Amino acid sequence: MAKSWVNSAERIGADLHLDLSEPPGSSGPGGPGEPGGRRAALARALREAVRSGRLAPGTRLPPYRSLAADLGVARNTVADAYAELVAEGWLTARQGSGTRVAMGVPTIPLKQPGSARSLRGAERMPRKTPPRTRGPRHDLRQGTPDASAFPRAAWLASYRRALQQAPNEVFGPGDPAGRVELREALTEYLARARGVRTEPGRIVICSGFAHALRLLFGQDRGGGGGVLRGPLAVEAYGLGFHRELLGAAGVRTVPLPLDEDGARVDRLARERAVLLTPAHQFPTGGPLHPERRAAVIDWARARGGVVLEDDYDGEFRYDRRPVGAVQGLDPERVIFIGSVSKSLSPAVRLGWMVLPERYVDDVLAAKGEREAWASVLDQLSLADFIVSGAYDRHVRRMRQRYRSRRDRLVAALATHAPHVEVTGVAAGLHAVLRLPPGTERSTVKAATWQGIALDGLAEFRHPDAMETAMPVRDGVVVGYATPPEHAYGAALEALCGVLPPGEERGPGGDE
Ligand SMILES: Cc1ncc(COP(=O)(O)O)c(C=O)c1O
């Protein structure tokens with residue numbers, strides 16, 4: 001089996017010449033006689049065919065079965081070689097349209113001096129590192145709302161009104177609690193939309209969730225300045241940036257296992273504080289079960305503990321009944337924290353902490369004598385934006401848009417990758433795609449090569465989280481809010497192209 005003319009004309013439409021001969025100096029275990037060697041030889045031959053331009057971008061490859069028959073190798077050998085090349089970005093695989101040569105792979109022009117040598121070196125990967133570009137072609141990272149949908153005109157109108165109506169004292173040093181106009185607006189809005197029970201005197205304005213963590217736990221290793229002490233229980237999956245921030249402040253975080261009902265709050269032990277995302281677990285997606293919501297309040301009452309409620313995307317719910325804030329169960333046991341980072345933009349840098357009475361003075365002391373973070377003019381603009389109804393209108397409009405994007409994602413997966421389970425889609429701006437075991441890293445790598453920015457689930461796992469305690473293993477987190485509207489369809493198509501192929505179906509079926 002040195003060279004073979006593959007004649008799978010019903011799929012590829014032409015003969016395919018593949019050279020499976022052993023490259024010089026590559027004898028030994030795993031040679032072409034071995035099963036691994038055949039796979040490696042086939043992968044190498046396919047790379048060479050793509051690289052040399054003989055297999056043009058977009059060309060459909062033969063199904064496993066027919067190529068295997070033509071080459072006299074096992075079907076799995078072909079499937080493994082295809083999977084390897086999909087992971088490396090040479091090929092894309094999509095349910096219903098088979099395996100194709102990826103668009104945009106680099107090829108070597110004919111008659112390039114020394115092409116034979118450079119080809120051999122280039123066989124392993126298109127390049128050592130992904131090509132440098134100004135940014136990903138398709139940004140599917142979670143974390144950012146659709147920047148093109150920022151309500152510029154309405155925000156400008158609120159800013160103008162706020163500026164026109166502001167008394168002169170606004171232009172002096174700011175109150176560290178935040179402008180009373182904003183705290184009053186939030187008291188009404190959070191009660192109505194999120195079920196939060198509070199009054200303006202218990203709200204402290206900050207520049208977002210991360211700032212709230214810094215105020216609560218201090219900024220420097222060794223403590224000092226913080227209102228709370230570690231260790232802090234956190235969900236086993238969460239934002240690494242927040243864990244790092246806490247670590248830098250000398251706070252040890254202890255992972256709580258997750259299951260389908262959310263964080264296992266029954267595992268709380270000696271910690272005095274717990275950080276949760278009860279409305280929509282970040283990033284795995286489910287709400288905290290009502291019994292666990294009650295249980296964590298019982299724990300806080302019994303142990304003198306406090307619950308930090310991160311309500312990062314609570315406004316964006318789609319299919320299920322609204323999930324109100326845990327804070328509403330006991331305002332003296334919960335610090336409720338929110339910001340406009342998902343609802344408006346993370347660039348605005350405005351957030352709020354709704355505090356139990358006993359923490360108000362300490363948090364204000366941590367802020368210092370004057371407002372140093374949150375622009376007072378922006379605070380007044382946000383107050384006007386909320387009171388005028390513009391915030392509700394914007395959230396409702398964005399909810400429609402994100403719901404439709406979520407539906408398009410689910411539909412695209414059902415058509416092109418039905419073997420990939422999508423979870424956490426009842427709310428929020430991201431979804432988790434569960435992948436076959438062992439395919440997460442190669443999928444993220446393949447995505448990178450195709451210009452798709454995407455996070456693997458492992459990114460979010462607490463370093464001390466026990467594998468066995470986690471319900472989710474391999475997966476990717478897809479932020480479907482980030483691309484602008486006109487680019488979303490192309491981003492979905494590109495995403496489906498890099499997902500690992502499912503099992504081959506039926507005789508002569510697609511891979
Ligand atoms: C889990 C989580 N919490 C909180 C936030 C908000 O962070 P910030 O208000 O600091 O922008 C985000 C990101 O928007 C997030 O993903």
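Pro-283 sits in the loop that runs between strand 11 (273–276) and helix 10 (290–303), where helices (H or I, at least four residues) and strands (E, at least two) are DSSP runs numbered from the N terminus. The bond joining Phe-282 to Pro-283 is a cis peptide bond, with omega about 0°. The model is a predicted one, in which local features need pLDDT of at least 70 and side-chain atom pairs count only at pLDDT 80 or more, while totals for chains, interfaces and linings use all residues. Residues are numbered from 1 along each chain as its sequence is written, and side-chain values use heavy atoms, with hydrogens and water left out.

Another cis peptide bond leads from Gly-230 to Pro-231, with omega near -5°. Pro-231 belongs to the loop between helix 8 (209–217) and strand 7 (232–235). Arg-349 is placed in the loop between strand 13 (334–339) and strand 14 (351–354). For context, most residues other than glycine have a negative phi, and most peptide bonds are trans.

A polar backbone atom of Phe-209 is 2.7 Å from an oxygen atom of the ligand. A nitrogen atom of the ligand has a polar side-chain atom of Asp-310 at 2.6 Å, and the side chain of Ser-339 places an N or O atom 2.8 Å from a ligand oxygen. The ligand taken alone exposes 390 Å², and the protein buries 90% of that, with accessible areas from the Shrake-Rupley method and a 1.4 Å probe.

Turning to helix packing, helix 7 (residues 180–194) and helix 12 (residues 376–387) pack at about 35°, their axes 8 Å apart. Axes are lines fitted to C-alpha atoms over the stretch in contact, and angles run from 0 to 180 degrees between N-to-C directions. Helix 7 contributes Glu-181, Leu-182, Ala-185, Leu-186 and Tyr-189 to this contact, and helix 12 contributes Gln-379, Leu-380, Leu-382, Ala-383, Ile-386 and Val-387, contact meaning heavy atoms within 4.5 Å. These residues divide into 9 nonpolar, 1 polar and 1 charged; Ala, Val, Leu, Ile, Met, Phe, Trp, Tyr, Cys and Pro count as nonpolar, Asp, Glu, Lys and Arg as charged, and the others, Gly among them, as polar.

Helix 13 (residues 390–416) and helix 15 (residues 488–498) cross at roughly 35°, and their axes come within 10 Å. Among the residues that meet here are Arg-405, Arg-406 and Arg-408 of helix 13 and Tyr-488 and Gly-489 of helix 15. The contact divides into 7 nonpolar, 2 polar and 3 charged residues.

Finally, Thr-198 lies in the loop between helix 7 and strand 6 (203–206). Its C-alpha atom is 8.2 Å from that of Leu-355, although Thr-198 and Leu-355 are 157 residues apart along the chain.

Conventions. A polar contact is a pair of N or O atoms within 3.5 Å; within protein, one must be able to donate a hydrogen and the other to accept it, and residues adjacent in sequence count only if both atoms are side-chain atoms.
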